[in-house]
Amino acid sequence: MIVGICRFSYPALGGFKRMHDSVAEREAYLYERERMELRFRHFETLSLPSIRGQTDPDFSFLIVVGDTLPKPYSDRLHDITADIPQVKIVPMEPMRQRTAMQVAIKEELGEDTDPSIQFRLDDDDAVGLRFVRSLRRLERQSVAMRRRWKNVAFDFNKGYAVSLSGSGILAREVISNLWTPGLAVWFRPGDRKTLMNYAHHKLHTHMPVISNPLPHMFLRAQHDDNDSGVSLKGGTFEPLDDDQRASFLKHFNVDEDHVKQLFSRPVRPLDRA
């Protein structure tokens, strides 16, 4: 079983670089109109197209949201994911981020009688269209090695850092170990832990890691509302050339024309009906 999970403006207790004194302050910050529009634009042009286009459809993708997500945002989220059968929107009350994500994963695993592969994806990142298929292939290829291992991480560590705007996509190639996009962990049946029990950048201290730098397997966005704690600064971002533009569409289902269209649209007042 392969399970992906994404936190979409979930008002967790902790888990953000920006701290707030109350849940109400956290929700006010998260649900601010311009911020939510920025998150939706990245989600609709990066994350969702890459999930929608997976060449292996046998997986689930959980989107954890707050149970107070305003109705216009909730409706929009349901509308833009309605054609992706793998998506399950999971409303949860505020709790610690890792606890909430653990609960969502455990509920999805059910009786948990089979091995699982679990991955995380931020709402402003994308994975390659062969990501799920590649995870399944690595699971088959690593059988002999895994006999004595409780867990193993699969890390596709090559991709692009990207910046999106109404002018299109700027990008630079990146090779970086143990970033959340392109990363997954294999679990034995009944393991009490989930992917969320581990800090992604410290996985190599808990389990073996199989890294593959050959395919470009992720797009990671840089913008003013990044909260990942990972710096994408440094290096030169360049406009896509024709080959890259075709590659992004073919390998990530990311269409630069779609990016230009959404990011050029003015931010409209929120209809709270």
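Biologist: Is Phe 40 buried or exposed?

Modeller: Phe 40 is buried, because its relative accessible area is 0% and the cut-off for buried is under 20%. Keep in mind that this is a predicted model.

Biologist: How many aromatic pairs does the structure hold?

Modeller: Nine. Phe 40 and Tyr 73 make one of them: their ring centres are 6.1 Å apart and their planes stand at 35°.

Biologist: Why is that pair called tilted?

Modeller: The planes are at 35°. Under 30 degrees would count as stacked and over 60 as edge-to-face, so the pair falls into the tilted class.

Biologist: Where do the two residues lie?

Modeller: Phe 40 is in helix H2, residues 33-52, and Tyr 73 is in helix H3, residues 71-81. The pair therefore ties together parts that are 33 residues apart in sequence. Tyr 73 is buried too, with a relative accessible area of 1%.

Biologist: OK, next pair. What about Trp 179 and Phe 218?

Modeller: They form a tilted aromatic pair, with 5.7 Å from centre to centre and 55° between the planes. Trp 179 sits in the loop between strands S8 and S9, while Phe 218 is in strand S11, so the pair ties together parts 39 residues apart in sequence.

Biologist: Are those two buried or exposed?

Modeller: Trp 179 counts as buried at 9% relative accessibility. Phe 218 is buried at 0%.

Biologist: Which charged end sits over the ring of Trp 179?

Modeller: That of Arg 220, 5.0 Å from the ring centre.

Biologist: Now the sheet. What is the strand order?

Modeller: S5-S11-S7-S8-S12. These five strands form an open sheet with mixed pairing. S5 and S12 stand at the edges with a single partner strand each, so one side of each has no neighbour in the sheet.

Biologist: How do S7 and S11 pair?

Modeller: In the parallel sense, over four bridges. Gly 159 stands opposite Phe 218 of S11.

Biologist: Last one. What caps the N-terminal end of helix H7?

Modeller: Asp 241 does. One of its side-chain oxygens lies 3.1 Å from the backbone nitrogen of Asp 243. Just after H7, Asn 253 takes a positive phi of about 65°.

Notes. Residues numbered from 1 in each chain as written. Predicted model: local features only at pLDDT ≥ 70, side-chain atom pairs only at ≥ 80, totals over all residues. Heavy atoms only, no water. Polar contact = N/O pair within 3.5 Å; in protein donor to acceptor, adjacent residues only side chain to side chain. Phe/Tyr/Trp six-rings, centres within 6.5 Å; stacked < 30°, edge-to-face > 60°. Buried < 20%, exposed > 50% of the residue type's maximum accessible area, 1.4 Å probe, protein only. Lys NZ or Arg CZ within 6 Å of the ring centre and 35° of its normal. Pairing = 2+ DSSP bridges.
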